[in-house]
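Hi everyone, thanks for coming. Let me put the structure on the screen, and then I'll walk you through a few places in it.

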Amino acid sequence: MTGIETTIVTALTNNFIGQTIKSGWEGINKNDFLNKDVGQLIREGKYLFLREYTQRYWDRHGMIKVLKMSKPMDLESIYVNVKCLGNLVRDYYDENLENKYRESKQRRFNFRDDGKKDGLLLANQEQYLMVLGDPGIGKSTFLRKVGLEALKGNKDSYQHSLTPVLLELKNFKENEINIQALIEEEFKICGFPNVEKNISNKLEKGELLILLDGLDEVPTANVNNVIEKIKDFVDRHHKNRFILSCRTAARTHLRQFTDIEIVEFDDQQIQSFIEHWFSSELDRKNETAKNCWELLQKKEYKSAKELAHTPLLLTFLCLVYDENQSFPTNRSRLYQDALRILLEKWSAEKRLPNRGLVYENLSIEQEEILLSEIAYQNFVADKLFLEKREVVKQIKDHLKQNLNAPQHLDGEKVLKTIEIEQGILVERARDVYSFSHLTLQEYLTAQYIYDNDLIEEAVKNYVTETRWQEVFLLVAGLMRGKADKLLLAMEKEAHNYLKTPLGQKLVPILQWADEMTKDSVDSPIKPVGRRAIASIAIAVIIAIAIANVYGITHCIAIAYAYAPDITYLITEMSYTPKLIYEFVRLVNLFAQDRIISKVNFSQLIADLEAFKQIIPDDKATTKERQEFFDQLFKMWNTAFNLTPELLNLSNYEIDDIDNHYFYINSLILCCQKVAVNISPTVWQEIEERMLRVP
């Protein structure tokens, strides 16, 4: 035990002894503690059971070791206060969830933040508390925290001077259950004297905080029996305080208990958890917590951050980051591991009794296939919230087709078991379900596409829909046998766009960009990068002229991948008289990197420098300013041989071209970046053809 742990246990022991002496325990002589301090009595071998109780509580409930943690961490060092809701939204009908989610513009399905209260505050307020929540949300950790606060006797945190006793309900396997005997055993094993009499006295006076963890973990055959035993025990010992935990999907209504539900972490809680996790001297020196948090803020890790709202999966992400000081570029493996944690590892680590599979032939692998089919079918239908009857039908249809299941198979029981055991499907409102995380639905959709060889079909139908972007990136990461097929299918769709009416207006621009850059063989920038920058040279003139620089976002993304400095300068251009200075800087960079070969840059720079002399001042009229810009653009267009036909694009046309042709090509670059395996020859050929007319 570390020095810090010894200090904590000593403090817990001192307070526990104070509580015990004050309330009284037959067999403990109060006078002994008047003449000698606790430490001296312990060293003399007296009342060791008092320290043993706090030591045992700390060892069992004050330390956490989950998933792949190499060593346990003390709960106090990483605990973040949980937030709870008093009324459960899933108890009510809500036919408008889909619209509410889309209006929230978040990736989280649990986007309700109103009415949240601190968990410890509610534990102080309510004598009988039912703590609900989805798997991995922190129910067990919360009960352990409340117990520790009671042992501490810190009135600022837990205000009731009670002795905590925590019982894990998964151990309630026998038909004959004696809760009082189990409480007594917690003290007997530590060597307390006269346990039966003293516990009876404490129960009668209401001096115990009884923590019953995991009602959902009781063996199925014994659930009703356990519930009745708990009801009876609470009725008989109603002066004590009780906190009971249960997964929301498996909850039962106990008359005396107030139901609260632990909600997902918000951003502040996530950041706080990361700071607690990476709090060692070395981590503080290297700013590990800050770097981890900032990485989760990046666009490419928005799906990973969504997982972080669940404490268990946030723990997983911290372990991954701790090992590599980064998150993997190929996020499909990350999400696969997260899915497996929910499917099997968490139940295995909690040593839950085997309650049998919902259907004798439904293995974890087959369940994953079932979930991937549900995910895909509903993602294709653009449905994130699913009616219960539809999900049940999909389950029954899948099992009949894949396992030769009988007609009477109980699909509703399968759904309920998946919800209770793993929490991958969650009831969001009465009879309305969704996946626990959009990230998992996207991953399972990608898995289905890959497993069923639907790559070309998916690309053809959905490649330009931005909600499918993460799915295609995950498909690229899943394709162990080369992602060539995916990239070539995307390239085909980009080429097909050029055959459309708007694509035909883009063709001469691409031909111009190719012609202007093809002879710049000594440029440090690849040909596709030069073509992208040349395309921007046209697009930026149009965009600035119609005040729509952001209409060429995806074209800019391609250019940025090959020439970030030049691209950044272009994106910062603004429609002011100072634009000429930005043009001068841009032309200098064009000349320096030899991007375009058919422009007399020396002459253009000289002309621009001379043009600075006639920049309109603050007193210039609107007409004078417009004449200045007209002359500037004419000079630029002449130098780059830009004809009126090339520049004849409307705001709508620019948006459409960028959101189709350039978006697809940008997505190709992103998929190439995350793919595990790509043929070098195929990729070289794709790059050579990119932004060129086939």
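I'll begin with the whole protein and then turn to a few residues.

A word on the source: this is a predicted model, so please keep in mind that local features need pLDDT of at least 70 and side-chain atom pairs count only at pLDDT 80 or more, while totals for chains, interfaces and linings use all residues. Residues are numbered from 1 along each chain as its sequence is written, and side-chain values use heavy atoms, with hydrogens and water left out.

Now the overview. The protein has 33 helices and twelve strands; these are DSSP runs numbered from the N terminus, with helices being H or I of at least four residues and strands E of at least two. Of its 694 residues, 55% count as buried. Here buried means under 20% relative accessible area, exposed means over 50%, and partly exposed is in between, with a 1.4 Å probe and protein chains only. The accessible surface is about 31200 Å², and carbon and sulfur atoms hold 48% of that; the areas come from the Shrake-Rupley method with a 1.4 Å probe. As for contacts (heavy atoms within 4.5 Å), take those with a separation of 6 or more: 75% of them join residues 24 or more positions apart.

Which residues does Met490 touch, leaving out those up to four places away in sequence? They are Val459, Val463, Phe472, Ile664, Leu667, Ile668 and Cys671. Met490 itself sits in helix H24, residues 484-497, and is buried at 0% relative accessibility.

Let's move to the surface. Asp617, Asp618, Glu624, Glu627 and Asp630 form a patch of negative charge there. Patch members have over 30% relative accessible area and no salt bridge, and like charges are joined within 9 Å. A salt bridge, in turn, puts a side-chain nitrogen of Lys or Arg within 4 Å of a carboxyl oxygen of Asp or Glu.

Finally, two asparagines in loops. Asn641 lies between H31 and helix H32 (651-674), and has a positive phi of about 60 degrees without being a glycine. Asn194 is in the loop between helix H9 (179-188) and helix H10 (195-205). Its phi is also positive, near 50 degrees, and Asn194 is partly exposed, with 38% relative accessible area.

Thanks, everyone!

Methods. Patch = residues over 30% accessible without salt bridge, like charges linked within 9 Å, V, L, I, M, F, W, Y side chains within 5 Å. Lys, Arg positive; Asp, Glu negative; His and termini not counted. Charge placed at Lys NZ, Arg CZ, Asp CG, Glu CD.
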